[in-house]
Amino acid sequence: MKRILSICLLMSSIIAFAHAEGKQYVGVQLGFTQPITRLNLPVPDQEKNLTPTVLNGFKVGVVYDATIVKGFGYTLGLNYTFGANTSEWKKVGILDYPRTQKQELYHQLEIPVDWQYKFEIANNTYLMLYTGPTLQVGLSYKQNTRTQMTSSGETTSVDKDVYTMDGVFALKRLNVTWGVGAGLQYERYFLRGGYDFGLINPYKEATFHVSDDYNPYTRGRFDQWQIKIGMYLWEF
């Protein structure tokens, strides 16, 4: 964790002192995103890779784009991300009831720091390739689990905050990802798409108690793919 943060901090520092010789832009962006929680259970006789939790949502933010030398530069951003998911009703046992349904709501802030290269493919039209880290700070991750005991429709409801709860599925607020992506820019308009791979274990130090001699940590990744459209409002 410390090494990863140190690398991200080093990249950010280099960018901070990098002098932009070419065009600089400040703009806004909006897009679709899917945060993905991947869980691995290092427990004997169980599947190592379980079905990931996929949230559908959007992100909105501001972006700064600078060129250091011809074609090569960087972008800095500040985004707000929202994600949500409502599962199908699932039976608890072999009978039709009881059954449960889970709803999730997710809010976060993120700071992407990307190195990029722009290829001019036509007049004022560029193909962009980029890569770099993103620091994610979770604001809220709520889970609401509804349980229906009979066909009459009566349900009970339990609310949890994934960041503050205890247990094996509790998440840390801080996450670091590494993204790769590509995009197009025409004059002041741009389209970007990519995938962010989680670099750290996002789960808190909770364990599955298998035996007195074997208490493995919960492990996994918090990934995200996204596609964004935007416009540069200021050029200087």
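How many cavities of 30 Å³ or more does the count come to? The count comes to two. This is a predicted model, where local features need pLDDT of at least 70, side-chain atom pairs count only at pLDDT 80 or more, and totals for chains, interfaces and linings use all residues. Residues are numbered from 1 along each chain as its sequence is written, and side-chain values use heavy atoms, with hydrogens and water left out.

On a 1 Å grid over the protein atoms alone, a cavity is a set of points where a 1.4 Å probe fits but cannot get out. A lining residue has an atom within 4 Å of a point. Grid points are joined across faces, edges and corners, and a volume is the space filled by probe spheres set on the points.

The largest cavity holds about 180 Å³ of space. Its lining has 20 residues, and Pro112, Asp114, Tyr130, Gln226 and Lys228 are the closest to its centre. Strands here are DSSP runs of E, at least two residues, numbered from the N terminus. Among those that each supply at least two residues of this lining are S4 (72-86), S7 (125-148) and S11 (219-235).

The second largest cavity holds about 70 Å³. Tyr106, Gln108, Tyr163 and Phe222 are among its lining residues. S6 and S7 each supply at least two residues of that lining.

Now turn to an open space. A pocket is an open set with protein on both sides within 12 Å along at least five of seven lines. The second largest pocket has a volume of about 250 Å³. Its lining includes Lys23, Tyr25, Lys118 and Tyr126. Strand S6 (residues 99-122) gives the largest share, three residues.

Charged pairs come next. A salt bridge is a side-chain nitrogen of Lys or Arg within 4 Å of a carboxyl oxygen of Asp or Glu. The structure holds seven of them. One joins Glu110 and Lys59 at 2.4 Å, N to O. Glu110 sits in S6 and Lys59 in strand S3 (residues 56-69), 51 residues apart. Both are buried, meaning under 20% relative accessible area.

Lys118 meets Asp65 at 3.3 Å, N to O. Lys118 is in strand S6 and Asp65 in strand S3, so the pair ties together parts 53 residues apart in sequence. Asp65 also meets Arg192, at 3.5 Å, N to O. Arg192 belongs to strand S10 (residues 189-198), and the two partners are 127 residues apart. Arg192 and Asp65 are buried. Elsewhere, salt bridges that share partners join Lys23, Arg188 and Glu235 into one network.

Technical notes:
Helices (H or I, at least four residues) and strands (E, at least two) are DSSP runs, numbered from the N terminus. Buried means under 20% relative accessible area, exposed over 50%, partly exposed in between (1.4 Å probe, protein chains only).
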